[in-house]
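Here are a few friendly notes to read with the model open beside you. Take the points in order and find each place as you go.

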Amino acid sequence: MGENKKMRRPPIPNPVQRELWIKSGGRCEFRGCNKYLYKDGVTQQPRNLAHIAHIVSWTPAGPRGNENSEKLATDISNLMLTCSEHNNLIDDANYVDKYPIELLQRFKREHEERIFRVTGMGQDYGVRIVKMWSKIQDQVPQISDQGIYDAIQPYYPLEDTLNIDLSQVEYISSAMETIRKIVDLHLLSNQKQEKYCLFLMSKIPYSCY
Ligand SMILES: [Zn+2]
């Protein structure tokens, strides 16, 4: 001590930051988190929420710091894109024993391999979502888009969902008519073969149709 000069964390060069954003898919790399880091949770507007955490601290005195600290300070293999919560956890001296170098390296490797595999999925994985709903005991059932995305993984939804709204329909015959019209129209305008994924929240006879 005695010197006023405070050590500064070396800036991470832009190409290294860019590579880290791409490899992490813009999501927190801490195992089990996966938080998306480019959207404000409240306003839903684009916003950079990411931190860059060092597995081996950039200074030998820091968490997991060692004789390689200086060399690894801006090395992509030593950096993790994280949310603020996990950035704090990784930098918390009380948790260094719980999260040693090898474990954090494994988190990073697992995350980046998964992002690479998932974003490499071709168009074969697109499915057409068909949502059909009717009143069931005077209630109109709901299913969230997120629930559907979770259910169809590892497939992804094609852009236009086929919605069949039977909530105003009273009789089976008119329900059948509505279903046929919507399906025929879709098939007519869409000559390609597609995979379909059906989410039927309607009275049983409609679903059988
Ligand atoms: Zn996180």
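1. Read along the sequence, the protein chain runs α-β-α-β-α-α-β-α-β-β-α-β-α. That pattern holds seven helices and six strands; helices (H or I, at least four residues) and strands (E, at least two) are DSSP runs, numbered from the N terminus. With a radius of gyration of 25 Å, well over the 17 Å that the globule rule gives for 209 residues, the protein chain is more spread out than a compact globule. The radius is taken over C-alpha atoms, and the globule rule is 2.2 Å times the number of residues to the power 0.38.

2. Two things to keep in mind while reading: this is a predicted model, where local features need pLDDT of at least 70 and side-chain atom pairs count only at pLDDT 80 or more, while totals for chains, interfaces and linings use all residues. Residues are numbered from 1 along each chain as its sequence is written.

3. How far does the chain reach, and how is it divided? Along its principal axes the C-alpha trace spans about 85 × 35 × 30 Å. The domain assignment gives domain 1 (14-119) and domain 2 (124-208); such bounds come from an automatic or database domain assignment. The C-alpha centres of domain 1 and domain 2 lie 41 Å apart.

4. Of the 209 residues, 18% count as buried. A residue is buried if 20 or more other C-beta atoms lie within 10 Å of its own, exposed if 12 or fewer, and partly exposed in between, with C-beta atoms placed from the backbone.

5. Now look for the largest nonpolar core, which has 15 residues; Cys28, Leu37, Ile55, Met80, Leu81 and Leu104 touch the most other members. Strand 2 (79-82) and helix 4 (101-119) are the elements that give two or more residues to this core, and strand 2 gives the most, with three residues. Apart from this core lies another, of six residues, including Met132, Trp133, Ile164 and Ala175. A nonpolar core here is a set of buried Ala, Val, Leu, Ile, Met, Phe, Trp, Tyr and Cys residues joined through C-beta atoms within 7 Å.

6. Which residues does Met80 touch, leaving aside its neighbours within four places in sequence? Met80 is in contact with Glu29, Ala53, Ile55, Leu104 and Lys108. Two residues are in contact if their C-beta atoms, placed from the backbone, lie within 7 Å.

7. In helix 4, the buried residues are Leu104, Phe107, Lys108 and His111. Seen down the helix axis, they fall within an arc of 90 degrees, so they line one face of helix 4; the arc is that of the directions from the helix axis to the C-beta atoms. These buried residues pack against helix 1 (14-24), strand 2 and helix 3 (84-91). The face turned away from the buried side carries exposed residues, among them Glu102, Arg106 and Phe116.

8. Finally, compare two single residues. Gly26 sits in the loop between helix 1 and strand 1 (51-54), and is partly exposed, with 18 other C-beta atoms within 10 Å. Met7 lies in the segment before helix 1 and counts as exposed, with 10 C-beta neighbours inside 10 Å. Met7 and Thr59 are 52 residues apart in sequence, yet 8.4 Å apart in space, C-alpha to C-alpha.
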